[in-house]
Amino acid sequence: MNHRTLIGGAMALTAGLALVGCSDSSGAKDGAASDKPELKVAGAFMPEPAMDTMASGFFTVTNKGGADKLTSVTSGIAKKVTLHSTKGNAMKEQKSFDVPAKGELDFARGANHLMFEELKHKPKQGDKVAVTLHFEKSDPIDIEVPVKAATYNPKPGKHASH
């Protein structure tokens, strides 16, 4: 065997091993698989609305995986549900919200929130409102949002899982 054949064989072997190392047919949680978002929603609530036409909603999305984006929210109780941020005293509609990798997206009073617009009926304290969260990468998540007292404001870190 000559020197050129040995080098060519070694290069082919190295390239083959590199390709095998890059594949992930085992479903292991490394490589590209770790980029998959792992979302969980907790602490959802809707304060009992004062108006017949509009309500707000709050929750926290916890992500143990790769980054994602909340792109829209739907609910049968309203003609449309919009995403809003609040900075200072200014409320602004948003097209989407980032869900950071290994982080949280929080919707809380005085901050990010949902607006349920053109309500089909006014929910009362004790009701549960069906809501679907739509994401860029993850499958939609259906949650039941309990309607709480108009003054309800949970303590930070006391979210119940959904």
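1. Start with a strand pairing. Four bridges join strand E2 to strand E8, residues 113–119, and the two run antiparallel. Within this pairing, Met54 stands opposite Glu117 of E8. Keep in mind throughout that this is a predicted model.

2. Lys40 is paired with Thr62 of E2. E1 and E2 make a hairpin, with six residues between them.

3. How much of E2 is buried? Eight of its 10 residues, spanning 54–63, are buried, so the strand is largely enclosed by the rest of the structure. For the chain as a whole, 35% of the 162 residues count as buried.

4. Look at Ser56 in particular. Ser56 sits in strand E2. Is Ser56 buried or exposed? Ser56 is buried, because its relative accessible area is 18% and the cut-off for buried is under 20%. Setting aside residues up to four places away in sequence, Ser56 touches Phe45, Met46, Pro47, Leu114, Met115 and Phe116.

5. The largest pocket also involves Ser56. The volume of this pocket is about 180 Å³. Its lining consists of Pro47, Glu48, Pro49, Ala50, Met51, Met54, Ala55, Ser56, Arg109, Met115 and Ala150. Which element gives the largest share of the lining? That is E2, with three residues. By class, the lining has eight nonpolar residues, one polar and two charged. Pro47 and Met115 are among the lining residues, and both touch Ser56.

6. Next, the nonpolar core. The largest one holds 28 residues, and Phe59, Leu70, Phe116 and Leu133 touch the most other members. Phe116 is also one of the contacts of Ser56.

7. Neighbours within four places in sequence aside, Leu133 is in contact with Val41, Phe59, Val61, Leu70, Ser72, Val73, Pro140, Ile141 and Ile143.

8. Most residues other than glycine have a negative phi. Lys102 is not a glycine, yet its phi is positive, about 50 degrees. Lys102 lies in the loop between strand E6, residues 97–99, and E7. With 65% relative accessibility, Lys102 counts as exposed.

9. The second case is Glu118. Its phi is near 55 degrees, also positive in a residue other than glycine. Where does Glu118 lie? Glu118 is in strand E8. At 44% relative accessibility, Glu118 counts as partly exposed.

10. Finally, the overall layout. The chain has one helix and 10 strands. Along the sequence, the pattern reads α-β-β-β-β-β-β-β-β-β-β. Among contacts between residues at least 6 apart in sequence, 70% join residues at least 24 apart.

Methods
Residues are numbered from 1 along each chain as its sequence is written. This is a predicted model: local features need pLDDT of at least 70, side-chain atom pairs count only at pLDDT 80 or more; totals for chains, interfaces and linings use all residues. Side-chain values use heavy atoms; hydrogens and water are left out. A nonpolar core is a set of buried Ala, Val, Leu, Ile, Met, Phe, Trp, Tyr and Cys residues joined through side-chain atoms within 4.5 Å. Buried means under 20% relative accessible area, exposed over 50%, partly exposed in between (1.4 Å probe, protein chains only). Contact means heavy atoms within 4.5 Å. Two strands pair if DSSP finds at least two bridges between them. On a 1 Å grid over the protein atoms alone, a cavity is a set of points where a 1.4 Å probe fits but cannot get out, and a pocket is an open set with protein on both sides within 12 Å along at least five of seven lines; lining residues have an atom within 4 Å of a point. Grid points are joined across faces, edges and corners, and a volume is the space filled by probe spheres set on the points. Ala, Val, Leu, Ile, Met, Phe, Trp, Tyr, Cys and Pro count as nonpolar, Asp, Glu, Lys and Arg as charged, and the others, Gly among them, as polar.
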